[in-house]
Amino acid sequence: RKKKRYILKFFILVAVATGMYFFLNSSFFDIQKVTVENNNLYTAEQIISIASAKTGENLFEASLSKMKDKLLADPYIKNVKLKRKIPAEVVIIVEERIEYAAVPYGNSFIIIDNKGMVLRKSAEEPALTLLVGMTIKNMKPGTPLEVEANTGLTDTLKLLQEVKRHELYFKKIDISKVFVKAYI
């Protein structure tokens, strides 16, 4: 009799597990909505496109880690959190980098954030503080800007943060090995 109960319990467990599997993979859990929060630079549609988030895909089969990796590959995206909202929603919460300063490079400008991360290269002069007088070693988007006197760059970015807190604005900062000239 005990063997029959174990077998019966096993078949009930298998039936429940099979039922759960088919229920979780049913169209009830297909993604109906993708919500983007905390975005300023990019539109919600652009972030959804970068993440390759698709409606109609099963909520549990959608790879949130792949979406996160695709978003973090963009230099303007600093951090991302993705959440599944049962029954049919994916929430993308982004933290974006903000353009902070520009470094002239030939006939173009390298746009960086407040930590020195290269965001993009621009042919037009942006309405940002220009940092001149540095020799650039690496300027690949998505990586920190490398210059010969890296401490001069980090100190200047800290100075800019402090000055902006007090609502001042430098048009241009000329960094040399001997002194720093700031143009208001």
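Start with one residue pair. Ala102 has Ile111 of E5 as its bridge partner. Keep in mind that this is a predicted model.

Now the two strands around that pair. E4 covers residues 101-105 and E5 covers residues 108-112. They run antiparallel, and 5 bridges join them.

Zoom out to the sheet. How many strands form it, and in what order? There are 6, and the order is E6-E5-E4-E7-E10-E11. The sheet is open, and its pairing is mixed. Which strands stand at the edges? Those are E6, residues 118-122, and E11, residues 180-183. Each has a single partner strand, so one side of each is left without a neighbour in the sheet. On average, neighbouring strands here are turned by 25° against each other, direction ignored.

Next, what lies across this sheet's strands E4, E5, E7 and E10? That is helix H4, residues 150-165. Relative to E7, residues 129-132, H4 runs at about 160°. The E10 strand under discussion is 172-175.

Over to the helix pair. H2 is residues 44-51, and H3 is residues 64-72. Their axes come within 8 Å. The crossing angle is roughly 115°. That makes H2 roughly perpendicular to H3. Who makes the contact? From H2, we have Ile47, Ile50 and Ala51. From H3, we have Met67, Lys70 and Leu71. By class, the contact residues are 5 nonpolar, no polar and 1 charged.

Stay with these helices for the loop between them. Asn58 is found there, between H2 and H3. Is Asn58 buried or exposed? Its relative accessible area is 5%, so Asn58 is buried, the cut-off being under 20%. A polar atom of the Asn58 side chain lies 2.7 Å from the backbone nitrogen of Phe60. Leaving out residues up to four places away in sequence, Asn58 touches Leu24, Asn25, Ser26, Phe29, Asp30 and Ile31.

Last stop, another loop residue. Where is Met134? Met134 sits in the loop between E7 and strand E8, residues 136-138. Met134 is buried, with a relative accessible area of 17%. Which residues does Met134 touch, not counting those up to four places away in sequence? They are Val103, Val147, Leu153 and Ile175. Take Val147. Met134 and Val147 are 13 residues apart along the chain, and their C-alpha atoms are separated by 6.3 Å.

Terms used: Residues are numbered from 1 along each chain as its sequence is written. This is a predicted model: local features need pLDDT of at least 70, side-chain atom pairs count only at pLDDT 80 or more; totals for chains, interfaces and linings use all residues. Side-chain values use heavy atoms; hydrogens and water are left out. Two strands pair if DSSP finds at least two bridges between them. Helices (H or I, at least four residues) and strands (E, at least two) are DSSP runs, numbered from the N terminus. Axes are lines fitted to C-alpha atoms, for helices over the stretch in contact, and angles run from 0 to 180 degrees between N-to-C directions. Contact means heavy atoms within 4.5 Å. Angles under 35 degrees count as roughly parallel, over 145 as roughly antiparallel, 65 to 115 as roughly perpendicular and the rest as oblique. Ala, Val, Leu, Ile, Met, Phe, Trp, Tyr, Cys and Pro count as nonpolar, Asp, Glu, Lys and Arg as charged, and the others, Gly among them, as polar. Buried means under 20% relative accessible area, exposed over 50%, partly exposed in between (1.4 Å probe, protein chains only). A polar contact is a pair of N or O atoms within 3.5 Å; within protein, one must be able to donate a hydrogen and the other to accept it, and residues adjacent in sequence count only if both atoms are side-chain atoms.
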